[in-house]
Amino acid sequence: MGFKAAVFTTAVLAVLLCSPASAQKSPPAPAPVSVSIPPSLAPAPAPAPRYVDLAALLDVAGPFHTFLTYLQKTNVIQTFQAQANKTDEGITIFVPKDSAFAALKKSTFSNLTGDQLKTLLLYHAFPKYYPLAQFRNLSSLNPVNTFAGSPYTLNLTDDMGSISVESMWSKPKISSSVYATKPIAVYSINKVLLPMQLFSKDPPLAPAPAPAPESGASDIAPSPDGGKVGARNGKADSTSAGHVGAANCFGLLAAAAGGLMLLW
């Protein structure tokens, strides 16, 4: 009887221990912590590209004032500037010095129409940037198209680093590199490029300036014969003085003789 009571008690305890009510409640899971993430900052805008002002460059790098005046007069400077701002292609400009324009008659350019003058200026540029190191390879592609279009071409020659730019009536050499940083190359030349399409014959040169007059001989400078003339004049003066003295003596003797005659 006691054994049954012990079994019963053990069963009751087992039921109580296994019931949900007796099970310990697990603590609730913590609520997720919301982390405040600052919004991502927008990337700063890229700085605007710095363009080279071609007009300012030619104005201070001269003497290119004649070429710059023509560029501004025809608005070709704006065409060149727009091309220079395209950094993918860039521009190469051959700029004649003022002396190159002065060597030709003024009528060479004044007889051109507005469109012809504009074409002449465009003829002095390539619509692409070319450093000097590329001219040897570029010369193998002769003739090279200019900014003026297909009929207006130039031939380039590289003779051991001496680069010539050949048009129909002139073959100037590049005398110096004015500016050569991509996308702009500006080279100085000593002659104006003259295409056959605009000039059917070699334009005449400007007349040579008249030689400066020689300065006259100084009025006070002695002439080669000055010494002789002075000597002759001195001799003449002394001779005249001698004649005057003799005449005075004869006059005195005549007066004395007349006085003696009166006494007699």
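Predicted model: local features only at pLDDT ≥ 70, side-chain atom pairs only at ≥ 80, totals over all residues.
## Overall make-up

Let's start with the whole chain. The protein has 264 residues, and 27% of them are buried. Its secondary structure consists of nine helices and seven strands.

Among contacts with a separation of 6 or more, 66% are between residues 24 or more positions apart. The accessible surface comes to about 18400 Å², with carbon and sulfur atoms holding 63% of that area.

## Helix α7 and its neighbours

Helix α7 spans residues 114–122, and its buried residues are Leu117, Thr119, Leu120, Leu121 and Leu122. What do these buried residues of α7 pack against? On the helical side, their partners are α3 (65–74), α4 (76–84) and α6 (107–110). Strands take part as well: β2 (125–126), β3 (144–146) and β4 are also packed against the buried residues of α7.

## Aromatic pairs

A pair of aromatic rings is described by the distance of the centres and the angle of the planes. The model holds eleven aromatic pairs. One of them joins tyrosine 70 and phenylalanine 101 in a tilted arrangement, at 5.8 Å centre to centre and with 50° between the planes. This pair links distant parts of the chain, since tyrosine 70 sits in helix α3 and phenylalanine 101 in helix α5 (residues 98–102), 31 residues apart. Both tyrosine 70 and phenylalanine 101 are buried.

Phenylalanine 126 and tyrosine 130 form an edge-to-face pair, with 5.9 Å centre to centre and 90° between the planes. Both phenylalanine 126 and tyrosine 130 are buried. They also belong to one aromatic cluster, together with Phe94, Phe135 and Tyr187.

The largest pocket has a volume of about 200 Å³. Its lining is made of 13 residues, and those nearest its centre are Leu104, Ser170, Lys191, Leu194 and Leu205. By class, eight of the lining residues are nonpolar, three polar and two charged.

The second largest pocket holds about 160 Å³ of space. Which element gives the largest share of its lining? That is strand β4 (residues 149–159), which supplies four residues. The lining of this second largest pocket includes Pro151, Thr153, Leu154 and Asn155, along with Tyr123, Pro143, Glu166 and Met196. Its classes are seven nonpolar, four polar and one charged.

Methods. Residues numbered from 1 in each chain as written. Heavy atoms only, no water. 1 Å grid on protein atoms, 1.4 Å probe; cavity = no way out; pocket = protein on both sides within 12 Å on 5 of 7 lines; lining within 4 Å. Points joined across faces, edges and corners; volume = space filled by probe spheres on them. Nonpolar A, V, L, I, M, F, W, Y, C, P; charged D, E, K, R; others polar. Helix = DSSP H or I, 4+ residues; strand = E, 2+ residues; numbered from the N terminus. Buried < 20%, exposed > 50% of the residue type's maximum accessible area, 1.4 Å probe, protein only. Contact = heavy atoms within 4.5 Å. Areas by Shrake-Rupley, 256 points an atom, 1.4 Å probe, with all protein chains shown as cover. Phe/Tyr/Trp six-rings, centres within 6.5 Å; stacked < 30°, edge-to-face > 60°.
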